[in-house]
Every structure is written in structure tokens, then in C-alpha cells.
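The notes follow the order in which I looked things up.

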Amino acid sequence: MNPPLLRIHRKSLLAGARQAEGVAVVIDVLRAFTSAALMIHLGAREIFLLAEPEAVLVLKREKDCLAVGEVDGRRPPGFDLGNSPSRILAAGRELFAGRKVAQRTTAGTRGAVAAAGQSQVVILGSYVTAGAIARYIQGLAPTLGVVSLVAMGDDALEVTPDDEACADYIEHLLTGRPYDQTAALEAIVQHECAQRFLRGDQDHFPPEDPVYCLQHDVFDFVLLATQEDGQLIARPKYVPKIGKPWT
């Protein structure tokens, strides 16, 4: 059932992020917000979300942040890691435990920054946190009015099936609207957004990355992004499954 008074708005790309209102779920499956969830899982304390790579390097220098992300899919000079879930996992807790992270990506973090300007709440959206996102939003009802599901697409300029399907899945969890996972996976895997990884011919697109990005409901936390002293910072909010207390 749709929670009382809940209205879901579907948006796409950077223009859609700028129009988001209410609770904005900014979705970047391949790969920004899968990467963000994995870094938190590996012990990172918080993630600064940034639109420009130069700002990442400033925080690396001034706040001893790990610099993670990409420009055109590639790790920029001075960054510690690119935007790769498989390589983040390979780096492990030894790198991330207790650390602050500054993250910049072409679609995801730019979308989060854009959405933060007019939304009440910004949530980082991915398949790996989708179930927790739905539970968190349901926990806000009935006072919640609008949920904006913003699929960021490729470079925040081109609609892609991975982010749109993740938005479909979250909407399904919230409302019961039909969702066909088999059809979604087929569309995602056949699209260039996944094929550029699966071909395995570009080092900055590891073929393992889509395997991690397309797993559902792996983590029992949402990544909530809030403005603090002019910075957009994401931290986890744990939303256990029914029968467990919230923490």
C-alpha cells in the first residue's frame, strides 16, 4: 500500500536533480552510490559529496580525507582510489576504517549536491541499499509528502536502464507497483552502461564492478546526506528489517 499522503515524483539526470523536492533519493547504481555504501561498510565514518575534483583534493589536504572518485570514469591525479566497487573492496578495512572520505563522481555526487539545494532530505540511492531506503521512507509516513526518485544516468546526461530500474524497484517496494527483475537485468546487461565493463578492455571499467552494483538489499542502512558548514556529508542511518529496533 502507498503510505498516506505519499506522492512519488520520478526525475532523471542533472536537470531532474535540480527539480527534486521533499525526500530526494538520488540514484547512481553504476557506480557512485554502490561505492559509497561499500566504503561505509568497510568502516568509513562519513563521506563528503563534492561536485568538483579540485574540492576533493582540498579536503584531502585540509581534513586528511581519502580522495575517491572519477572524472570521465577515470581516477583523477591525486586521488587515492577511483569509483570502482571491486577495487574499494580490494582495498578493504585497512584503508577505510575510521577515515573520512571525499567523493566526486560525474553523475552521483553532482546530483546529490544539486538536489540538496531544495530538498528536505537527500538519500544516496543504489540497489544495495534499496530495501533500507524503502523502510526508512515508510518510517517517515504519514507526515511525508513527496519522494523524488532521481535516476542520474550516464554522466548525468543520458538516461540508463540501471538507475531507472533501481528507481522502479524502490517505487515497487514503496507502493507495490509491479517490478520485473528479470527484464530489468536483461535491459541493464545489454546496455552500453554495463557492456563497457563486461568487455574488460578498459582498466578503469573493471568487469567485476556490475556484479557488486546489481546486488539487491545488501545493507541495512541508508546513506543520508546533510548540509554542514557548507559541505554535503553522507552518514549511515541503520534501518533494520521488521522486528528489530532502529538504531
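Before listing partners, I note the criterion for pairing: two strands pair if DSSP finds at least two bridges between them. I also note that the model is predicted.

Entry: I looked up the strand order and found an open sheet of nine strands, arranged 1-7-2-6-8-9-3-5-4 with mixed pairing. Strand 1 (7-12) and strand 4 (66-69) are the edge strands, each pairing on one side only. On average, neighbouring strands of this sheet are turned by 30 degrees against each other, direction ignored.

Entry: the helix on the sheet. I then checked helix 8 (residues 161-175), which packs on the sheet and touches strand 1, strand 2 and strand 7. The direction of helix 8 makes about 175 degrees with that of strand 1.

Entry: partners of strand 2. Toward strand 7 (residues 146-151), I found five bridges from strand 2 (residues 23-27), and the two strands run parallel. Within this pairing, Ala-24 stands opposite Ser-148, and Val-25 has Leu-149 as its bridge partner. Strand 2 is also joined to strand 6 (residues 121-125) by five bridges, again in parallel. There, Val-23 stands opposite Val-121.

Entry: burial of strand 2. Are the residues of strand 2 buried or exposed? I found five of its five residues buried. In a regular strand the side chains alternate between the two faces of the sheet.

Notes:
Residues are numbered from 1 along each chain as its sequence is written. This is a predicted model: local features need pLDDT of at least 70, side-chain atom pairs count only at pLDDT 80 or more; totals for chains, interfaces and linings use all residues. Side-chain values use heavy atoms; hydrogens and water are left out. Helices (H or I, at least four residues) and strands (E, at least two) are DSSP runs, numbered from the N terminus. Axes are lines fitted to C-alpha atoms, for helices over the stretch in contact, and angles run from 0 to 180 degrees between N-to-C directions. Contact means heavy atoms within 4.5 Å. Buried means under 20% relative accessible area, exposed over 50%, partly exposed in between (1.4 Å probe, protein chains only).
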